[in-house]
Amino acid sequence: MTMPPVSRITRPSTWFLWHGHRVGPGARVVDLACGEGRHSLAAAARGARVTAVDRDEARLAAARERAEAQGLTIDWMAADLEEPWPELGGFDAVLVFNYLDRAKMPQMIELVEPGGFLMMETFLSTQRELGWGPTSDDHLLRPGELARLVAPLTVLHGREVLEAVDAERWRAVASVLAVKK
């Protein structure tokens, strides 16, 4: 079996790695716009009950294969988050990585149960200068915007950084960990 170069192995975001300890056994977690499930897989590996949502059937199929190979159980749901959402319920943790829909922020916040948290990270407008990633203002945060978007949640930790993604690429992101009191 040929392995991908180390620089291209999919892993959870640094933000998730720093705060993943908050996701424990039995926690109810939803991963919105989960893609190939890197955060869903990481949360399930910590014992969480994970619902992973994405509109891309091919990416969900790849995620499902990875979960099966690792012996993880995840509820994979095909849904377009730009359309009306299916009934999802409430969660101890809502994960949102590399996805931004300002109009849906109230729905994301509503998914967080009291005492639960939103862990979110997405690209800043300066990402354009790095030559990859989203280019539309609709999908890029302005400096300082993320903390305002997650209100009325209480921000425990936030950052805006330029960080290495792999051996060749950098990314400009804003990240937040916010709780519902």
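Visitor: By its relative accessibility, does L162 count as buried or exposed?
Guide: The relative accessibility of L162 is 53%. Buried means under 20% relative accessible area, exposed over 50%, and partly exposed in between, with a 1.4 Å probe and protein chains only. L162 therefore counts as exposed.

Visitor: What kind of model is this?
Guide: Residues are numbered from 1 along each chain as its sequence is written, and side-chain values use heavy atoms, with hydrogens and water left out. Local features need pLDDT of at least 70, side-chain atom pairs count only at pLDDT 80 or more, and totals for chains, interfaces and linings use all residues, the model being predicted.

Visitor: Which residues form a nonpolar patch on the surface?
Guide: A patch is made of residues with over 30% relative accessible area and no salt bridge, like charges being joined within 9 Å and nonpolar side chains (Val, Leu, Ile, Met, Phe, Trp, Tyr) within 5 Å. Accessible areas come from the Shrake-Rupley method with a 1.4 Å probe, and for residues only the protein chains shown count as cover. With about 300 Å² of accessible area together, the residues of this nonpolar patch are L130, L162 and W170.

Visitor: In which strand does L162 lie?
Guide: Strands (E, at least two residues) and helices (H or I, at least four) are DSSP runs, numbered from the N terminus. The run that holds L162 covers residues 154-164 and is β6.

Visitor: What is the order of the seven strands in the open sheet, and which stand at the edges?
Guide: Two strands pair if DSSP finds at least two bridges between them. With mixed pairing, the order of the open sheet is β3-β2-β1-β4-β5-β7-β6. Two of these strands have a single partner each, so one side of each is left without a neighbour in the sheet: the edge strands are β3 and β6.

Visitor: What angle does the direction of α3 make with that of β3?
Guide: Axes are lines fitted to C-alpha atoms, for helices over the stretch in contact, and angles run from 0 to 180 degrees between N-to-C directions. Contact means heavy atoms within 4.5 Å. Packed on the sheet, α3 touches β2 and β3, and its direction makes with that of β3 an angle of about 170°.

Visitor: How many bridges join β1 to β2?
Guide: In β2, five of the six residues are buried. V50 of this strand stands opposite V29. β1 and β2 run parallel, and the number of bridges joining them is five.

Visitor: Which residue of β4 is the bridge partner of L32?
Guide: β1 and β4 pair in the parallel sense over four bridges. Within β4, the partner of L32 is V96.

Visitor: Which residues of α2 are buried?
Guide: Six of the eight residues of α2 (38-45) are buried, so this helix is largely enclosed by the rest of the structure. These buried residues pack against α1 (14-19), β1 (28-32), β2 (49-54), α3 (57-70), β3 (74-78) and β4 (91-97). By name, they are H39, S40, L41, A42, A43 and A44.

Visitor: Where is the cis peptide bond that involves P152?
Guide: P152 lies in the loop between α5 (145-149) and β6. The cis bond has an omega of about 15° and joins A151 and P152.

Visitor: What is the phi of N98?
Guide: N98 lies in the loop between β4 and α4 (105-110) and is partly exposed, with a relative accessible area of 33%. Its phi is positive in a residue other than glycine, near 60°.

Visitor: How far apart are the closest N and O atoms of R142 and E145?
Guide: A salt bridge is a side-chain nitrogen of Lys or Arg within 4 Å of a carboxyl oxygen of Asp or Glu. R142 is partly exposed, with a relative accessible area of 45%, whereas E145 is buried at 4%. In their salt bridge, the closest N and O atoms are apart by 3.1 Å.
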